[in-house]
Amino acid sequence: MTELTPPASCPSSGPTPHAAGILASAARALAAERHGLGALTEALAEKTPLGHAFVAVVERVLHCRGRVILTGIGKSGHVARKIQATLASTGTPSLYIHPAEAAHGDLGMIGPDDVLIVLSHSGETSELVALLEYAARHDLAVIGLTAAPESTLARASRITLVLPRAPEACPMGLAPTTSTLMQMALGDALAVALLEQRGFTANDFGIFHPGGRLGQLLRPVHTLMHAGDAMPLGGLATPLSSVILEMTRKAFGCMGVVDEAGRMVGLISDGDLRPALHRDLATTRADAVMNPHPLTIGPDMLAQEALRVMNARPRPVTSLFVLDESGRPLGILHIHDLLRAGVT
């Protein structure tokens with residue numbers, strides 16, 4: 001039988017003599033990009049041209065009655081797609097248009113109330129010409145993101161975000177590296193500024209992220225709780241014999257105690273019940289053994305916060321009643337409900 005040998009190109013599992021050089025290249029790249037981000041941070045100050053333009057862009061987008069259209073080509077196009085996705089997921093209606101497709105019919109996707117954010121490092125990208133001409137013809141607001149303040153894009157823009165000059169991480173100064181990182185960072189800064197100005201909350205974020213583990217963490221507890229007859233409930237005068245039956249039937253390890261108005265005024269857990277089992281179960285009332293200050297939550301609390309509340313006490317709890325504003329039970333949430341939903 002012929003013994004198989006790995007090809008010469010297979011990487012070695014041990015350290016290579018070139019490791020120091022490889023890591024030095026990586027360190028130089030990161031240092032160059034860190035320098036670019038530092039220059040961007042310094043340029044984005046209150047009394048600088050970029051700072052003034054950035055504030056104007058935020059205000060323009062906040063008052064936009066349409067959508068924010070992102071466009072760019074090449075590496076700038078990839079960055080534009082990412083900025084658009086971040087804006088959309090944080091409450092700013094937006095979409096990406098490819099400049100080449102725009103010239104072949106996709107210009108019809110742009111409405112009169114939309115704002116265009118156009119990315120081009122040089123500001124002279126030929127594929128953008130048709131889109132810029134269309135914007136000028138229809139008096140559309142254009143925001144240019146470029147490193148060239150005298151470029152065609154800058155001249156065609158109502159507001160220009162001019163990136164500071166910084167060396168690319170590429171040793172030849174050719175591959176877009178530092179420049180695209182600064183574009184993306186400024187896009188993230190724009191999204192964060194907009195969501196904070198709008199008062200965008202974690203609940204809002206959850207609306208736009210219903211899928212995956214993130215979506216489960218951001219679900220409000222009213223979508224996970226058990227309601228109606230599933231809740232273990234009894235009155236103040238309920239005898240312990242009935243309390244035991246209710247707790248056994250509903251299997252939450254507790255029973256909520258409500259007054260005549262239906263408001264929850266106490267809770268009986270397994271821990272409260274066991275010390276009382278020596279009493280007369282037929283005559284001892286629920287209000288004699290209940291905890292009058294139970295831990296409860298509201299229906300809009302996020303699942304991840306409910307899990308934190310359950311685990312915050314020295315002795316974690318496994319179930320929480322969900323109450324409305326008047327103190328009436330709406331449902332009950334068990335830790336297994338959170339685990340089944342992927343909240344960990």
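User: I'm looking at β9 and β10. How many bridges join β9 to β10, and do the two strands run parallel or antiparallel?

Analyst: Strands of a sheet pair through backbone hydrogen bonds, and the pairing can be parallel or antiparallel. Here, in a model that is predicted, β9 and β10 (residues 319-323) run parallel and are joined by two bridges. To find your place on screen, look for I297, which stands opposite V322 in β10.

User: Which strands form the sheet, and in what order?

Analyst: The sheet is open and has three strands, ordered β9-β10-β11, with mixed pairing. Its edges are β9 (296-297) and β11 (329-334), each of which pairs on one side only.

User: Which helix lies across β9, β10 and β11?

Analyst: That is α12, residues 303-312, and its direction makes an angle of about 125° with β10.

User: Which residues line the largest cavity?

Analyst: Its lining consists of F54, V57, I83, I117, L145, L161, L186, G187 and L190. The biggest share comes from α7, with three residues.

User: And how many of the lining residues are nonpolar, polar or charged?

Analyst: By class, eight are nonpolar and one is polar, while none is charged.

How values were computed
Residues are numbered from 1 along each chain as its sequence is written. This is a predicted model: local features need pLDDT of at least 70, side-chain atom pairs count only at pLDDT 80 or more; totals for chains, interfaces and linings use all residues. Side-chain values use heavy atoms; hydrogens and water are left out. On a 1 Å grid over the protein atoms alone, a cavity is a set of points where a 1.4 Å probe fits but cannot get out, and a pocket is an open set with protein on both sides within 12 Å along at least five of seven lines; lining residues have an atom within 4 Å of a point. Helices (H or I, at least four residues) and strands (E, at least two) are DSSP runs, numbered from the N terminus. Ala, Val, Leu, Ile, Met, Phe, Trp, Tyr, Cys and Pro count as nonpolar, Asp, Glu, Lys and Arg as charged, and the others, Gly among them, as polar. Two strands pair if DSSP finds at least two bridges between them. Contact means heavy atoms within 4.5 Å. Axes are lines fitted to C-alpha atoms, for helices over the stretch in contact, and angles run from 0 to 180 degrees between N-to-C directions.
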